[in-house]
Amino acid sequence: MQHTASVIGAGVVGMATARAMQREGFAVTVYDPVPPGDSCSFGNAGHIATDHVRPLARFDVLARVPRMLTDRESALVIRWGDIPALLPWFARFARAARKAEVARGEAALGETMPHALPAWRTLLGEAGGSPLLVEKGSMIVYERKAAFDASALERTIMRRHGVRLEEITGDEARRRAPGLSPSIVAGVYFPDTAHVVDPHQVVVRLAEAFVRDGGRIEAAKVQRLVLRDGRIATLATDAGDRDAGAWVALCGGVDSALLLQPLGVKAPLTSERGYHLMLEGLQAGFDIPISSGERAFVLTPMAKGLRLAGTVEFGRRDSPPDWYRADRLLTQAKVLFPDLAPGPTSRWMGRRPTQPDFRPSIGRVPRVDNLLVGFGHNHLGLTLAAVTGLTLASLAMQRRAAIPLEPFAVERFG
Ligand SMILES: Cc1cc2nc3c(=O)[nH]c(=O)nc-3n(C[C@H](O)[C@H](O)[C@H](O)COP(=O)(O)OP(=O)(O)OC[C@H]3O[C@@H](n4cnc5c(N)ncnc54)[C@H](O)[C@@H]3O)c2cc1C
């Protein structure tokens, strides 16, 4: 008899997990009240950022908090009114920024990243989505030599964890990206990173292949996980009770904590908001994602135009969007590409599911026999979705995971 499984959440992590479980032979049902890929996975920068082995929970980031509070132009901002609600999260952030914890995070991501792109090749390839994946690398550019020099330590750490990179001159950067401003003095090219030309379509393609191969997607919100004899027996949904099946994978993005809390598992997720401004139909003169070393945003050439994405905005989950954050991306982009001539634009805000140590939770839940988690992927949800899915499917098959699990253990927050 075919075993059944449930996946909660149809974002990029949930759909990758559903596909990975399906290819192991499970009959899978995905639950989500919103269509596949319509939440945070809709509008990201599309960067498969395997170079990002440094978690953002660090003292140099913490040191920027005063500026976040006062400078509207900062790439990182905190909404004043939301500070009381955010304080406990920042207290944990400060603990996670200790040297040993940062090193643990770097080692964990360093061991995980080599599996990220092969996992995408597998899952997207099998779903007929290979044309969405572009494997040409990415580049970070600097306007000030001092900023480039100051990031030398970062490059040392990246290299230590196996990231291949090439330091390049301003002219070399301009050769890779025609139109790049003469003010760019240096850059770094990462040959092993990749990008997707439509992050939303990536999820849609996975969902279509999933349904074609017999998977079910039910437009329902899971309200409670019903525990019986040490396992999740039933999903109480707003459409009625559902049998949980042999395994349940919780991939609910920023809302995952709500289902775990009653089981006594803490997941200190905050909604780390980010924005994009899509320059619709604009064909960039370059074919790789380009990040600014100083301005903390990225320009990614996509199927439907050029996407400017970035901003870290700490605020409560349901605070209204501040569209200035999206609009200012164009001002920033024009500094890097002075001749940029956008036509129509569209704006979007997404909520990154972020835990204080900037590490996702991937693995099994202690004391619950059949519950798996894959959430908290912060800036790396697209990058790590496929490897998360394959990992959870391996665990469901009682196989050893290819990535280290202890640093991503859900119980690390108590
Ligand atoms: C501006 C911006 C740029 C980014 N750029 C990149 C990038 O270049 N590269 C990268 O790797 N990452 C990037 N990210 C991060 C990435 O987009 C996220 O990490 C990723 O989308 C998270 O995916 P997810 O599946 O966990 O969450 P989501 O896409 O939010 O999906 C979670 C789903 O779970 C559902 N759900 C929640 N609770 C329940 C419930 N109780 N019952 C049923 N369903 C439920 C929700 O409805 C939702 O659809 C970026 C993010 C932003 C905001």
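Is Glu272 buried or exposed, judging by its C-beta neighbours inside 10 Å? Keep that in mind as you load the structure, which is a predicted model. We will begin with this residue and then walk through the rest of the chain.

**Stop 1: Glu272**

Select residues 270-280 and you have strand 15, where Glu272 sits. Glu272 has 24 C-beta neighbours inside 10 Å, so it counts as buried.

**Stop 2: the whole chain**

Zoom out and colour by secondary structure. The chain has twelve helices and 21 strands. Its radius of gyration is 21 Å, close to the 22 Å that the globule rule gives for 414 residues, so the chain is as compact as a globular protein of that length. Along the principal axes, the C-alpha atoms fill a box of roughly 65 × 45 × 40 Å. Of the 414 residues, 48% count as buried.

**Stop 3: two domains**

Domain 1 is made of 4-41, 201-267 and 358-413, while domain 2 is made of 55-97, 127-193 and 269-354, according to the domain assignment. Their centres, taken over C-alpha atoms, are 28 Å apart.

Where the domains meet, 19 residues of domain 1 are in contact with 16 residues of domain 2. On the domain 1 side, select helix 9 (199-212) and helix 10 (256-260), the elements that give two or more residues to this contact. Helix 9 provides the largest share, with five residues. If you colour that side of domain 1 by class, you will find nine nonpolar, seven polar and three charged residues.

**Stop 4: a pair of helices**

Two packed helices are described by the angle between their axes and the distance between the axes. To see an example, select helix 1 (residues 12-22) and helix 12 (residues 381-396). Their axes come within 8 Å and cross at roughly 35 degrees. The crossing is right-handed.

Show the side chains next. From helix 1, the contact uses Val12, Val13, Ala16, Thr17, Arg19, Ala20 and Met21. From helix 12, the residues taking part include Leu382, Ala385, Ala386, Leu390 and Ala393. Across both helices, the contact residues divide into twelve nonpolar, four polar and one charged.

**Stop 5**

Follow the chain into the segment after helix 12 and you will find Ala401. With 18 other C-beta atoms within 10 Å, Ala401 is partly exposed. Not counting residues up to four places away in sequence, Ala401 touches Thr391, Ser394 and Leu395.

**Stop 6**

Most residues other than glycine have a negative phi. Here are two residues that do otherwise.

Select Asp229, in the loop between strand 11 (222-228) and strand 12 (231-237). Asp229 is not a glycine, yet its phi is positive, at about 50 degrees. Asp229 is exposed, with 6 other C-beta atoms within 10 Å.

Now jump to Phe358, in the loop between strand 19 (345-354) and strand 20 (361-364). Phe358 also has a positive phi, near 55 degrees. Is Phe358 buried or exposed? It is buried, with 26 other C-beta atoms within 10 Å.

**Stop 5: Leu308**

Finish in strand 18 (residues 305-314), the place of Leu308. Leu308 counts as buried, with 27 C-beta neighbours inside 10 Å. Which residues is Leu308 in contact with, leaving aside its neighbours within four places in sequence? Highlight His276, Leu277, Leu279, Phe297, Leu299, Leu329, Leu330 and Ala333.

Key. Residues are numbered from 1 along each chain as its sequence is written. This is a predicted model: local features need pLDDT of at least 70, side-chain atom pairs count only at pLDDT 80 or more; totals for chains, interfaces and linings use all residues. Domain bounds come from an automatic or database domain assignment. Two residues are in contact if their C-beta atoms, placed from the backbone, lie within 7 Å. Helices (H or I, at least four residues) and strands (E, at least two) are DSSP runs, numbered from the N terminus. Ala, Val, Leu, Ile, Met, Phe, Trp, Tyr, Cys and Pro count as nonpolar, Asp, Glu, Lys and Arg as charged, and the others, Gly among them, as polar. Axes are lines fitted to C-alpha atoms, for helices over the stretch in contact, and angles run from 0 to 180 degrees between N-to-C directions. A crossing is left-handed if the near helix is turned anticlockwise from the far one by less than a right angle, and right-handed if clockwise. The radius of gyration is taken over C-alpha atoms; the globule rule is 2.2 Å times the number of residues to the power 0.38. A residue is buried if 20 or more other C-beta atoms lie within 10 Å of its own, exposed if 12 or fewer, and partly exposed in between; C-beta atoms are placed from the backbone.
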